[in-house]
Amino acid sequence: MALSSHRALTHLRRLTPLRRISTDSTISIETSIPFTGHNIDPPSRNLTTSPSELMTFFHDMALMRRMEIAADSLYKAKLIRGFCHLYDGQEAVAIGMEAAITKKDCIITAYRDHCIYLARGGTLIGAFAELMGRKEGCSKGKGGSMHFYLKEKGFYGGHGIVGAQVPLGIGLSFAQKYEKDGSVSFALYGDGAANQGQLFEALNMAALWDLPAILVCENNHYGMGTAEWRAAKSPSYYKRGDYVPGLKVDGMDAFAVKQACAFAKEHVLKNGPIVSILPYFSYTTVSFSYHGSLCVRLWFMVELPFTKI
Amino acid sequence: MGTNIFMRRASSSYNIQSVSSVFASCCNFSRTLSTSVSAEVKVGGTLVSQEENGGTKSMNLFTAINQALYIALDTDPRSYIFGEDVGFGGVFRCTTGLADRFGKNRVFNTPLCEQGIVGFGIGLAAMGNLAIAEIQFADYIYPAFDQIVNEAAKFRYRSGNQFNCGGLTIRAPYGAVGHGGHYHSQSPEAFFCHVPGIKVVIPRSPKEAKGLLLSSIRDPNPVVFFEPKWLYRLAVEEVPVDDFMLPLSEAEVIREGSDITLVGWGAQLSIMEQACADAEKDGISCELIDLKTLIPWDKETVEASVRKTGRLLISHEAPVTGGFGAEISASIVERCFMRLEAPVARVCGLDTPFPLVFEPFYMPTKNKILDAIKSTVNY
């Protein structure tokens, strides 16, 4: 079963558009909803794209979706052991972010890392081998689902402990500021981690030293099994930075994410850190072992992120 | 021995009368507690048994813990359970039905912040309450490490006994489960055994869990209670349905023998029992001891056993270097040096992060223990 999935995915990986697309036409679009800023003027919701970019986005997001669904099947068949946190529903975040930055910029995230790895330049073989604990995996099979890394493309993983990656991301940005190479760090975390003390410690340090760090909260409204309104007094995570400016972005809209990340990158290189929150609805249960008794499947998002493309 | 900062009970066996007197002084009211609860026992709000006093019921580990928590909440109105996701029953179902029965003001979810959870628990306990905090996996206990080590363990000592957080019990599932990987399999007990001022308790079975948990909750010292997650559903045993407690700091000889003493705790004991049974076929008579409380641990029982057998083997899942087996080994060598016939053997996890696919190689398996038994006996 694993082999046939592999063959199917190899085919998909080589999928090319069926007809030639003109790459030089420009399309003006508007993001689905305006941005909301905290202590900052948000970017404009107008941006331009091209047919080839649209096609790339669609292709890559569809690939990610198929990969996650295949991982789902492999997990249920017990070919993937341990834990498997899927990113389906969130593809727009990975794609939009990647489109706005370079490989010198760093991304560090929590355990929902399969698609970020792919967006950074990882291969399907590297991903599936890692999930199944094989030595061809990106972490030589030693890390598993939660620990994908890709050093040469600036992907710093892949972290199992909630919130622990955020101070690390701030450290990365300090090194980048030192190197003066115009690169920034994106430290991704979830709404559950937004209540961790180390996040605020990291935020303070980043603000104190004007570090080029962007803290991105991928908000699927559940921290483990608890809904955000039962865990956080203020679920407006983009405001939680207080003195650090914040931006609320529609996480289901890849172009909004791209616009926000480009804006954030430019901002932090001049002014120090920014917090942004990307609320979205996760397509499946957030983790296979967490929601056995809850009807989280009711949260299925009917409007899939890539239908917005 | 050094100063004993724990409040030790005069008698080593617990009964409800002694508990009620402790509560009477702490809580400024007196309750008459019968030696057994009513014939009807509710678990999670559902009637499960109507045995007469002293009956038992077959149940697994998480049900036994659920019953213990139920009894703790039922017998003391100032007891609280909190942690991530405990409201709907917790990821291991240990707190099922408790919020429904006792209300959301006594059984409630916390945000995802272990340091905050334990610090909050210490404060709650300092006000004379029973604060039962759940850390979702022992692997996540480290953000709370400072609170446990620097606050909970030292509170009574540094305030000259004006304040204490003895009502604090921290429960955490620990140990390998077959597929947990780095962060759902760790056994961090050794870190906490290095801290004077707290107790560390690890049950091996449902009956032990219920009795030891009730003792830990009612013990006037902060206790870290590690539950072997592998056994939550797997271990099934006849457990007394009424309120009962098992003594802390008393090890139990669960298998008598004469050739070698084996010491362990938690889920590892079932592996050691299998090794003992196999060794029996080769004519080696093994004595197996469940330590139950790791600090303060029952040195006398282990020493008496080693004086009988002359050999000691310790086994635990945590990595061998710096594991609690090292403390047991050093203490027994100090006490029994001339009696020992062979070096103390330790069959433990390897000195690596807890692996994902390599778990079978990492674990102290039955065959590793059997090999060590034979080489120790044939030394």
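Predicted model: local features only at pLDDT ≥ 70, side-chain atom pairs only at ≥ 80, totals over all residues.
Colleague: How much area do chain A and chain B bury between them?

Modeller: The size of an interface is often given as the accessible area lost when the parts come together. Here the contact takes 25 residues from chain A and 19 residues from chain B. Carbon and sulfur atoms account for 63% of the buried area, and the total is about 2000 Å².

Colleague: Which residues in chain A lose the most area to chain B?

Modeller: The contact draws 25 residues from chain A. Three of the residues in chain A together make up 23% of what that side buries, and they are Phe83(A), Ile161(A) and Met224(A).

Colleague: Which residues form the nonpolar patch on the surface?

Modeller: Two helices of chain A, α6 (165-179) and α7 (197-208), each supply at least two residues of this patch. The members have about 590 Å² of accessible area together, and they are Phe174(A), Tyr178(A), Met205(A), Leu208(A) and Trp209(A).

Colleague: Why does Met205(A) count as partly exposed?

Modeller: Met205(A) sits in helix α7 of chain A and belongs to the nonpolar patch. Partly exposed covers the range between the cut-offs of 20% for buried and 50% for exposed. Met205(A) counts as partly exposed because its relative accessibility is 36%.

Colleague: Is Ser79(B) buried or exposed?

Modeller: Ser79(B) is found in strand β4 (residues 79-83) of chain B. Leaving aside residues up to four places away in sequence, Ser79(B) touches Ala72(B), Leu73(B), Arg106(B) and Leu130(B). Buried means under 20% relative accessible area. Ser79(B) has a value of 0%, so it is buried.

Colleague: What is the distance from the backbone oxygen of Asp76(B) to a polar atom of the side chain of Ser79(B)?

Modeller: A polar atom of the Ser79(B) side chain lies 3.3 Å from the backbone oxygen of Ala72(B). For the backbone oxygen of Asp76(B), the distance to a polar atom of that side chain is 2.7 Å.

Colleague: Which residue has its backbone oxygen 2.8 Å from a polar atom of the side chain of Tyr75(A)?

Modeller: Tyr75(A) is placed in helix α2 (residues 51-76) of chain A. With a relative accessible area of 18%, Tyr75(A) is buried. The C-alpha atom of Tyr75(A) is separated by 38 Å from that of Thr36(A), 39 residues apart along the chain. The residue with its backbone oxygen 2.8 Å from the side chain's polar atom is Gly82(A).

Colleague: What is omega for the cis peptide bond from Ile295(B) to Pro296(B)?

Modeller: Pro296(B) lies in the loop between β14 (293-295) and α11 (299-309) of chain B. The peptide bond from Ile295(B) to Pro296(B) is cis, with omega near -10 degrees.

Colleague: What is omega for the peptide bond from Gly157(A) to Gly158(A)?

Modeller: Gly158(A) is in the loop between α5 (124-131) and α6 of chain A. The bond from Gly157(A) to Gly158(A) is cis, and its omega is near 20 degrees.

Colleague: What is the phi of Asn39(A)?

Modeller: Asn39(A) lies in the loop between β2 (36-38) and β3 (46-49) of chain A. At 53% relative accessibility, Asn39(A) counts as exposed. Asn39(A) is not a glycine, yet its phi is positive, at about 60 degrees.

Definitions and conventions:
Residues numbered from 1 in each chain as written. Chains lettered and ligands numbered in written order. Heavy atoms only, no water. Patch = residues over 30% accessible without salt bridge, like charges linked within 9 Å, V, L, I, M, F, W, Y side chains within 5 Å. Areas by Shrake-Rupley, 256 points an atom, 1.4 Å probe, with all protein chains shown as cover. Salt bridge = Lys/Arg side-chain N within 4 Å of Asp/Glu carboxyl O. Helix = DSSP H or I, 4+ residues; strand = E, 2+ residues; numbered from the N terminus. Buried < 20%, exposed > 50% of the residue type's maximum accessible area, 1.4 Å probe, protein only. Contact = heavy atoms within 4.5 Å. Buried area = accessible area lost by both parts, 1.4 Å probe. Polar contact = N/O pair within 3.5 Å; in protein donor to acceptor, adjacent residues only side chain to side chain.
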